[in-house]
Amino acid sequence: MDIPVCDLHCDTAFKVFIGKKITDPSLEVNLGCMLQGNIGIQVFACYLSPNVPQHQRLNLTLDMIRTFKREVDQYGERIQICTRSSDIKAAIASKRTAAILAIENGMAIENNPDNLQRFYEEGVRCLTIVHSASSDWAISCNDASPAFDGLTAFGESVVRRLNRLGMIIDISHAHSQTAEKIMALSEQPVIASHSCAAALCDVSRNLTDNQIEAVAQSGGMIGINFFPGFLDFDYYRFFINHCGDLLTRFDQMEQQAGANLEQIAAAFASYRDQANQRMANNTLSSERIIDHIDYIRKLVGEQYVGFGSDFDGVPVMPRGMESCDGFNLLKHQLRQRRFSEDTIANICYRNFLRVFKTVCG
């Protein structure tokens, strides 16, 4: 039996919310490709733009969750929402994808920790604490002039509430000070769902060796992001030089869109298409994903690394990773590097299953 795959992060739920079907082949994560790629576990992040006005964030996120759940319910023979580790194991055994609900951006709670309970009751089991802009209580890695030291007292109360509820804390996008405070405070394993190793690509979104070690010490794990600009610094510089204006324009359009998700989606589609045109002759091999996995494996051990693709959320992908059936290529590359089948199984899905069972039950 081929080894199933767990992907710790995709943004497909956002696209379903604005009208796409999960069967749509234009999605990088769709039912057909999930079957071909043997996706046993897929974490679906409900992305909340930081530009959505404060009073609209909670209800919009709840609407996104409920829309996605209704879509999944139509295909119960192929995919199901899972909230416990026993559900995940049963789904994989029956050759269905176990869908895990996450929220990407703690702004969704609207500064009210009681809203975490509401999300938990909707089936959410993971929260990415912060995104591209700092919140009132958590600093983003993009913030060059933090207003406070990583996490406020309120932010600390959010961490404690997440621990009590049994929701996984995700530090991807967090400032180093934010991540440090979270990992010092959390009594449960912490993950970085879609980040890479700064030692191999020194950008603010990636994790230093000290941060990787702290995640491992918590019992958590890192999901390697597939965006070439986080995998390879030469690619990152080339991308910024050739597509930086597109990124700036997308940021401006997202700010102007506010809560208009259709405008956000249209802006991203334009950014993606133009970026792919400009970078067509400067692609990155998917082997670079394996480089980051191997680096973390050697640094802290094979138990603390996996995949966090960011499918349907970044403008370009490495060669061969145009959709989630590309995981077959990654497994082949792991075998070519003489990773044992046991190690591959740990990286592909067992590590996340361990974290999920520890935190969520």
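This is a predicted model: local features need pLDDT of at least 70, side-chain atom pairs count only at pLDDT 80 or more; totals for chains, interfaces and linings use all residues.
Me: Why are α12 and α13 called oblique to each other?

Reply: Helix α12, residues 287-300, and helix α13, residues 327-336, pack at an angle of about 55 degrees, with their axes 10 Å apart. Angles under 35 degrees count as roughly parallel and those from 65 to 115 as roughly perpendicular, and the pair α12 and α13 is therefore oblique. The crossing of these two helices is right-handed.

Me: Which residues make the contact of α12 with α13, and how do they divide into nonpolar, polar and charged?

Reply: On the α12 side the residues are Glu-287, Ile-289 and Ile-290, and they meet Leu-330, Gln-333, Leu-334 and Gln-336 of α13. The residues of this contact divide into four nonpolar, two polar and one charged.

Me: How do you know that the span of α12 is close to the one expected?

Reply: Helix α12 has 14 residues and reaches 20 Å from its first C-alpha to its last, which is close to the 20 Å expected at 1.5 Å a residue. Just after α12, Gly-301 takes a positive phi of about 120 degrees.

Me: Which residues of α12 are buried, and what do they pack against?

Reply: Arg-288, Ile-289, Ile-290, His-292, Ile-293, Asp-294 and Ile-296 are buried in α12. The elements that the buried residues of α12 pack against are α8, β8, α9, β9, α13 and α14.

Me: Why are α5 and α6 called roughly parallel?

Reply: The axes of α5 and α6 cross at roughly 30 degrees and come within 10 Å. Angles under 35 degrees count as roughly parallel, and α5 and α6 therefore receive that description. Their crossing is right-handed. In the contact, Asp-114, Leu-116, Gln-117 and Tyr-120 of α5 meet Val-158, Arg-161, Leu-162 and Leu-165 of α6, and these residues divide into five nonpolar, one polar and two charged.

Me: What makes α10 and α11 roughly antiparallel?

Reply: Helix α10 and helix α11, the latter spanning residues 261-278, pack at an angle of about 175 degrees, with their axes 9 Å apart. Angles over 145 degrees count as roughly antiparallel, and α10 and α11 are therefore placed in that class. Among the residues that make the contact are Phe-239, Leu-246, Phe-250 and Met-253 of α10, together with Ile-264, Ala-267, Phe-268 and Tyr-271 of α11. The residues of the contact divide into 12 nonpolar, three polar and three charged.

Me: Why is Phe-250 called buried?

Reply: Phe-250, which has its place in helix α10, has a relative accessible area of 11%. Buried means under 20%, so Phe-250 qualifies. Leaving aside neighbours within four places in sequence, Phe-250 is in contact with Ile-264, Ala-267, Phe-268 and Tyr-271. The C-alpha atoms of Phe-250 and Ser-270 are separated by 8.4 Å, although these residues are 20 residues apart along the chain.

Me: What makes Ile-182 a buried residue?

Reply: Ile-182, found in helix α7, has a relative accessible area of 0%, and because buried means under 20%, Ile-182 counts as buried. When neighbours within four places in sequence are left aside, its contacts are Ile-129, Leu-151, Val-159, Ile-169, Ile-171 and Val-190. One of these, Val-159, lies 23 residues away from Ile-182 along the chain, with 6.9 Å between the two C-alpha atoms.

Me: How do you know whether the loop residue Gly-166 is buried or exposed?

Reply: Gly-166, in the loop between α6 and β6, has a relative accessible area of 5%, so with buried meaning under 20% Gly-166 is buried. Beyond its neighbours within four places in sequence, Gly-166 is in contact with Tyr-120, Arg-125, Val-359 and Cys-360.

Me: Where is Glu-110 found, and what is its phi?

Reply: Glu-110 is found in the loop between β4 and α5, with a phi near 50 degrees, which is positive in a residue other than glycine. Most residues other than glycine have a negative phi.

Notes
Residues are numbered from 1 along each chain as its sequence is written. Side-chain values use heavy atoms; hydrogens and water are left out. Axes are lines fitted to C-alpha atoms, for helices over the stretch in contact, and angles run from 0 to 180 degrees between N-to-C directions. Helices (H or I, at least four residues) and strands (E, at least two) are DSSP runs, numbered from the N terminus. A crossing is left-handed if the near helix is turned anticlockwise from the far one by less than a right angle, and right-handed if clockwise. Contact means heavy atoms within 4.5 Å. Ala, Val, Leu, Ile, Met, Phe, Trp, Tyr, Cys and Pro count as nonpolar, Asp, Glu, Lys and Arg as charged, and the others, Gly among them, as polar. The expected span of a helix is 1.5 Å times one less than its number of residues. Buried means under 20% relative accessible area, exposed over 50%, partly exposed in between (1.4 Å probe, protein chains only).
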